[in-house]
Amino acid sequence: MHDSASGGRLEVRPDRPTARLYVCGITPYDATHLGHAATYLAFDTLARLWRDRGYAVDYVQNVTDVDDPLLERAARDGEDWTVVAERETELFREDMTALRVLPPTHFVGAVEAMEEIAAYVLRLIEAGAAYRLPAPVGEDVYFSITASTHFGQVSHLDTARMLRLSAERGGDPDRVGKKHPLDPLLWLAARPGEPAWPSPLGPGRPGWHVECTAIALNRLGMPLDVQGGGSDLVFPHHEMSAAHAEVATGGWPFARAYVHAGMVGLDGHKMSKSRGNLVFVSRLRTDDVDAGALRLALLSAHYRGDREWTGGALEAGQRRLTAWRTGCARGSGPSGTALLDAVRGALAEDLDTPAALRLVDAWCAADGDDRHAPGLVRDTVDALLGVLLA
Ligand code: ZN
């Protein structure tokens, strides 16, 4: 897999029978768009490949079901934020099921994990790595990035770029009183009119990075085999989560490999809520798009590259699905075991799904006398690529 921290490829070979995967989940204030779908399909492919190799997979995914963007959206629409969070989380799960994404072992909301997250904040305070700033009522708690000796080793960005990204992605580099402008929030003291939970830190709610650190460490321990997410999470989110974990446990690295999926664009811009140029999985589902065609459309591009979404990709996915179904409905074909080996080999090279798809195309287009091949190819496509051809 390509590892963002080392900037190169490394062998991701779990050292125990159960592989440990943590993928950052959604903030449920809007429906699943194709950018999310592409990211979760990439890690679904990894989980399938591990299972094919004989590993069990312990897969943890969080849901940031309380955060500023969610509260702002709920306030804008005059809705109860818990209603928005529950509805959008449920829709996300339906979308993932429709896409045949194998569910995580643990799907954990920030709200249900409140106590354990607060306990990690306390640990960071006790380690001398956190400090308090006065809030309108009570005190906020910040993490001191200088407490981490490895800070910067996930993203390798210079400070100027970190500052820009911090401001763009939920940080508050300009907050007065912080020891370092990049120091991230660990605990937000209760604000009037906003939800808060009791804790040894006083009533409040956690910052986003420590949420993932706590949920990951409590279920998987360190090091994770892979921490995954979209490439927009490299900084600050994954850098900060790793720094929190380092200080809380004294260990490094947080993850053996940091794997990041590219962004999906539409009309020349990254698909994002703020830009409003989203293509929703649920919308495609109501339009009766075949989930297999959508899966093939998304897997036809390499997970790591940024890409443009076009209607043409979906049409190509549908054509491919039809060709594959026809190919597997034959009485015989070229060697099935050769195809299986080749697909495994392609996926083992940094999840090269475009190559895997071309291999199946070629198998479908060629003749052969292996009578077991159509069944084996159907199973290969089902198990490794998640597409049902029967
Ligand atoms: Zn996360």
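Modeller: A strand here means a DSSP run of E with at least two residues, and strands are numbered from the N terminus. By that rule, Val-63 sits in strand β4, which covers residues 56–63. Keep in mind that this is a predicted model.

Is Val-63 buried or exposed? A residue counts as buried when 20 or more other C-beta atoms lie within 10 Å of its own. Val-63 has 24 of them within 10 Å, so Val-63 is buried.

Which residues touch Val-63? Set aside the neighbours within four places in sequence. Its contacts are then Gly-25, Ile-26, Pro-28, Thr-89, Phe-107 and Gly-109. Glu-211 is 148 residues away from Val-63 in sequence, yet their C-alpha atoms are 9.6 Å apart.

Take the contacts in the protein between residues at least 6 apart in sequence: 77% of them join residues at least 24 apart.

Ala-189 belongs to strand β8, residues 185–189. Ala-189 has 20 C-beta neighbours inside 10 Å, so Ala-189 counts as buried. Beyond four places in sequence, Ala-189 is in contact with Ala-135, Val-137, Gly-138, Glu-139, Asp-140, Gly-202 and Gly-204. Gly-221 lies 32 residues from Ala-189 along the chain, and 28 Å separate their C-alpha atoms.

Now step back to the whole. The protein has 13 helices and 14 strands. Of its 390 residues, 48% count as buried. A compact globule with 390 residues would have a radius of gyration near 21 Å; the protein has 22 Å, so the two agree. Along the principal axes, the C-alpha atoms fill a box of roughly 75 × 45 × 35 Å.

What holds the buried side chains together as a group? The largest nonpolar core has 118 residues. Leu-21, Val-121 and Leu-186 have the most contacts inside this core. Helix α1 gives the most to this core, with eleven residues. At least three residues come from each of domain 1 (11–265) and domain 2 (310–385).

Leaving out residues up to four places away in sequence, Leu-21 touches Phe-43, Leu-46, Ala-47, Val-57, Tyr-59, Leu-224, Asp-225, Val-226 and Gly-228.

Next comes helix α1 itself. Helix α1 runs through residues 34–52. At 1.5 Å a residue, its 19 residues should span 27 Å, and its end C-alpha atoms are 26 Å apart, which agrees. How many of the residues of α1 are buried? 17 of the 19 are buried, so α1 is largely enclosed by the rest of the structure. Gly-54 follows α1, with a positive phi near 100°.

Helix α7 covers residues 234–249. Its 16 residues should span 22 Å at 1.5 Å a residue; the end C-alpha atoms lie 21 Å apart, in agreement. α7 is mostly covered, with 14 of its 16 residues buried. Gly-250 comes after α7 and has a positive phi, near 75°.

Two prolines belong in this region's picture. Phe-235 and Pro-236 are joined by a cis peptide bond, with omega about 0°. Pro-236 is found in α7. A cis peptide bond also joins Trp-252 and Pro-253, again with omega about 0°. Pro-253 lies in the loop between α7 and β11 (255–261). As background, most peptide bonds are trans, and most residues other than glycine have a negative phi.

Asp-350 has a positive phi, near 55°. Leu-351 has a positive phi as well, near 50°. Asp-350 lies in the loop between α11 (336–348) and α12 (353–365), and Leu-351 is found in the loop between α11 and α12. Asp-350 counts as partly exposed because 17 C-beta neighbours lie inside 10 Å. Leu-351 is buried, with 25 other C-beta atoms within 10 Å.

Last, the domains. The assignment gives domain 1 (11–265) and domain 2 (310–385). Their centres, taken over C-alpha atoms, are 36 Å apart. Six residues of domain 1 are in contact with seven residues of domain 2. On the domain 1 side of that contact, three residues are nonpolar, one is polar and two are charged.

Technical notes: Residues are numbered from 1 along each chain as its sequence is written. This is a predicted model: local features need pLDDT of at least 70, side-chain atom pairs count only at pLDDT 80 or more; totals for chains, interfaces and linings use all residues. Helices (H or I, at least four residues) and strands (E, at least two) are DSSP runs, numbered from the N terminus. The expected span of a helix is 1.5 Å times one less than its number of residues. A residue is buried if 20 or more other C-beta atoms lie within 10 Å of its own, exposed if 12 or fewer, and partly exposed in between; C-beta atoms are placed from the backbone. The radius of gyration is taken over C-alpha atoms; the globule rule is 2.2 Å times the number of residues to the power 0.38. Two residues are in contact if their C-beta atoms, placed from the backbone, lie within 7 Å. A nonpolar core is a set of buried Ala, Val, Leu, Ile, Met, Phe, Trp, Tyr and Cys residues joined through C-beta atoms within 7 Å. Domain bounds come from an automatic or database domain assignment. Ala, Val, Leu, Ile, Met, Phe, Trp, Tyr, Cys and Pro count as nonpolar, Asp, Glu, Lys and Arg as charged, and the others, Gly among them, as polar.
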